[in-house]
Structures are given as C-alpha cells and as structure tokens.
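Let's take a look around a protein together and pick out a few local features. Have the sequence and the 3D view ready.

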Amino acid sequence: MILVIVICVGATIGIDTKRAKVYGATASMQLISQNVSQGGTVALQPSDIATDIELVQSSAVGAIVTAGLGQPAPQPSVTEVGITNVLNIAVAASDPAFAAKAANHYVRAYIKFTTDRYTTQVHEQQTILEAKQTTLQREIRQIEAQIAANSPTSPSDAALNTQLGDYSAQLQAVNTSLTQLQLNQIQVPAGALSVTPAAINLKPISPKRLTDALLAGILGLLLAIGLALLLDFLDDRIRTKEQLHAVAEGLPLLGEIPLFKDWKGDQPDNAIIAAVQPRSEAAEAYRSLRTSIQFIGVASERANVIQITSPLESEGKTTTVIDLAVTIASSGTRVAVVSCDMRKPGIQKFFKTDNSKGLSSVLAGTETLESVTVAFEGLANLTCIPSGPVPPNPSELLGSAKLVNLFESLRLENDVILVDSPPVLPVTDAIVVAQVVDFVVLLARANQTHSRAVARALELLGNVDAPVKGLMLNAVTPLSSGNRYGRYGYGRYGHGRYGVYGS
C-alpha cells in the first residue's frame, strides 16, 4: 500500500514539475435587464442569467474578443456570484498579462454585443413605428381634407369625425412608443456593466503541486486499498488449519509445526532442534506429530512405511522427516529414514555422509542395503539410507520392484520407516513412491503453499489410490494459527530457506 501511494505521489510531482505554468485572471460584471417598460426595468429571471452565461461563452462574443486581442481568444469560465446578477469571467493562459487582458476583453465584448443587439432591435422597432406614423398622418390629412370640403350640414361629417378621432388616438400611441424607445435606449444602452476589472496575477493557478500531491496521495490510498483487497481475494495461500481442512476435506490434521529460526547459535548448520533442544516448544510439536502418526499405524502388526511429501519444494519435508525421526527414535523406537529424493537430496547432511552411495546404488544393484546404511550419531536406533548418486532416470528406478523389497527388508529391523520424497507436482517420483508405502502424509507450509497446489497434489495422489492418511501444517505463526503456539512463545522461532530450516 505504501509503495502504491509513493508511486502515485511521486509520479504526480514529476508530472507537475514538467508541466507549463498556467496563470489566471478574473473580471466581474453586473448583468442589466434590457427589458424595459414605462414603469422601469424588468428584473432579470434565473433563466435570463443562465442565458447570459451561455452568451458570454458563445462564438459571437468570442469573435469580438479575438478581434480585440489580435489572436484567438481563450475559452473563459463564467460563474454566477451567489444569487446576485454579477458574473465572474475567469481566463487561464501561460502569460499572466494576457490572461488579465483577455478577461477584460470579454467584459467589454459582452457589453458591446448586448449594446449592438439592443440598438438593432430598437432600430427595427423604430422603423416599424415610423412607417405606421407616416401612414396614420396621411390618413388624418385625407379625412381633414374631406371634412373641409363638405358643407357644414353634411351627413357624412359625423362618421368622418369619428374616424378622425380613432386615427388621432392611434397616432398618439405610436408617438408615445417612439418616445419610449428613445428613452429606453438612453436608459439601458447595454446588457452589462463592468464591476471589477481583471488584474495581473503572477501566482500560477496550475500546477498546484501541494494540492495535486495530496489528491494523488488520497487516490493512491484508495487504489492501494483496492489493490490490497484484490490481492487478498486472489491470494489462496493457506494460512490456517481451517483453510487446509477446507481444501482437503475429510483428512485429519496430524500436526502443526511452528515457525522457528535463530535457534542454532553456535550450532553447526546440520543441527536438529529435536536433538539439540528437546525441551523446546518446537520439539514438543514434533512429539505431538509422532503421537498422531503412531495412532494411524496402531492397527498394523508390522513396521509402517510412512511417506512425507508436499505439493511443491521448499515447504519443509526434509526437516520434518529428520526431526520426526529423532523424536520417534528418542522414545526407543527403531527408525529408518529412506531418502527417495534423488533429484535434490538433503537428508545426508544430517547423518554426516557424502551421499556417494545410497538408495540409487542399491536399486541399481551396485551396493547392498547394509553397505549404504548410515547410523545417526548419538542414537543407535536411528539409521538412514541416503539417496545416493543422482541417476538419469529417478522415476523408473523408484518404480522398480527392488524398492518394495528394500522396504520389506527394512521392516525386519525397524519399527518405523520414514520416507523423504520429492514434491508431488514438479515430478512423478512422489506418485511412484506413494504406491508402495503404507500411508502418506501431505505437508503444507503456512503462508506459502497455495490451496490449488494442495488440491492438485491430492488429486494426483488420488488417481493412483495413494493411502493419504493425514495432513500437516508447517511453519505456523501465531498470527496464522491462533493456537497455543503463540502463548508458548513460538513467535521467537522462524524459518530458514528450506522448510522450517531445511528443505
């Protein structure tokens, strides 16, 4: 979220730095109604003001401004001041002097436009009235001539006098209208009056870096929140045991291993926490896992071959195998660890062997089981068969009947056989091994393993009827677990690069 906000603000400041400065100037004018009567000026209506605002921004007024400036007129921004008849005309330009000059020209242009328009209207009305005046005067002269030509007792004089009176009244009304037109033009020659001329403002109105930065920060925050929510919605990494149960419905959770780091101190890189710190909370978690696994195999009359795998690499399989092996062996149980990970072997470092010979040698027929078996220093009942040299065809080698025979031989001398296998999704080795073991434990790493990876791994294992008996959640933190690990101080532990601290 912080990154998104910083990018938005930084980009805005960068753009504002390169943008040309824009200066503004504002002139104001008062609108005057040119609708007059004998009783005075008629007040402007809201529709009249809205019309005047459009007229100020019209091409007709713009043409007058362009002629006055000698260059194309910038488009103004016209606003009404409150509920008054005053309009503010704002103009923006790269030159502050030109902006002020243009704003003042718009006031003068609008005054000229309304003056010319009203003068034209008055002239047209005056022409009509004068034509009517001439006609009435001619008619009156004709009637007066007829009356003068008649005898005093002429019967037509009454009608002529009535007609003469009517024409005289009409002529008087026309004369009154002509007089009112002249008075109107004198009283209201223009539709506006300049109130405040625009002054030169040397402070740019754009870009406003502080305002733009604040707006960018707010926009960045909203964008960051939306992005975070989207990522959270799309992020299907498993964080809690409930999420793991939801993906692998029906399978029990055998254990939760806490996240731990920085526990070795001056210990060597291949130190094992279950052996070095047997009273630690992490060792207790492995003992709990041991109990769960023992309950699964309690009905079996012979040693169980238990495969521990995960959907992908670096999720803690090897570390879990060795810590679980030490924990089980510490109780007096005979344990053998078989490394079936021939592509990226890692178990041999805990048994201090160079991996020059091992499982691949036995399956290839170049070594015997006894010759490759390595004992664990400090626990005589814990042995290991390392993976051995990397063969060109690990899957074919693991799929041979010799692996089944090897497990049967190990059952004779051990109570538990733990199998460290490659991950399920990248290669088929784990699927091949899963078909010849007694049961499989699928491990997921909190905050790393995706739900779809677990679902796909279970699907592949199900396709071969692999005996998946349970799940395990590795690298659990107090925030992701909400369980007792937080109370017992698991928060002081962490993880290394591989699994909890191995591969």
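In which helix is the place of Leu-231? Leu-231 sits in helix α6. Before we go on, keep in mind that this is a predicted model.

## A nonpolar patch

Together with Leu-227, Leu-230, Phe-233 and Leu-234, Leu-231 makes a nonpolar surface patch of about 530 Å².

Now step back to the loop between β6 (192-196) and α6 (209-234), where you'll find Pro-207. The peptide bond that leads from Ser-206 into Pro-207 is cis, and its omega is near 0°.

## Strand β5 and its two faces

Next, go to strand β5, which covers residues 86-93. Follow its side chains and you'll see them alternate. Leu-87, Ile-89, Val-91 and Ala-93 point to one face and are buried.

## The partners of β5

What does β5 pair with? One partner is strand β1 (residues 23-31), which runs antiparallel to β5 and is joined to it by eight bridges.

β4 and β5 form a hairpin, with five residues between them. Look for Gly-82 in the turn, where phi is positive at about 60°.

Ser-314 is one of them, with phi near 60°. Ser-314 lies in the loop between β8 (304-309) and α10 (317-329). Is Ser-314 buried or partly exposed? Ser-314 counts as partly exposed because its relative accessible area is 21%, and buried would mean under 20%.

Asn-447 is another residue other than glycine with a positive phi, near 65°. You'll find Asn-447 in the loop between β13 (439-445) and α16 (451-463). Its relative accessibility is 28%, so Asn-447 is partly exposed as well.

Definitions and conventions:
Residues numbered from 1 in each chain as written. Predicted model: local features only at pLDDT ≥ 70, side-chain atom pairs only at ≥ 80, totals over all residues. Heavy atoms only, no water. Helix = DSSP H or I, 4+ residues; strand = E, 2+ residues; numbered from the N terminus. Buried < 20%, exposed > 50% of the residue type's maximum accessible area, 1.4 Å probe, protein only. Patch = residues over 30% accessible without salt bridge, like charges linked within 9 Å, V, L, I, M, F, W, Y side chains within 5 Å. Areas by Shrake-Rupley, 256 points an atom, 1.4 Å probe, with all protein chains shown as cover. Salt bridge = Lys/Arg side-chain N within 4 Å of Asp/Glu carboxyl O. Pairing = 2+ DSSP bridges.
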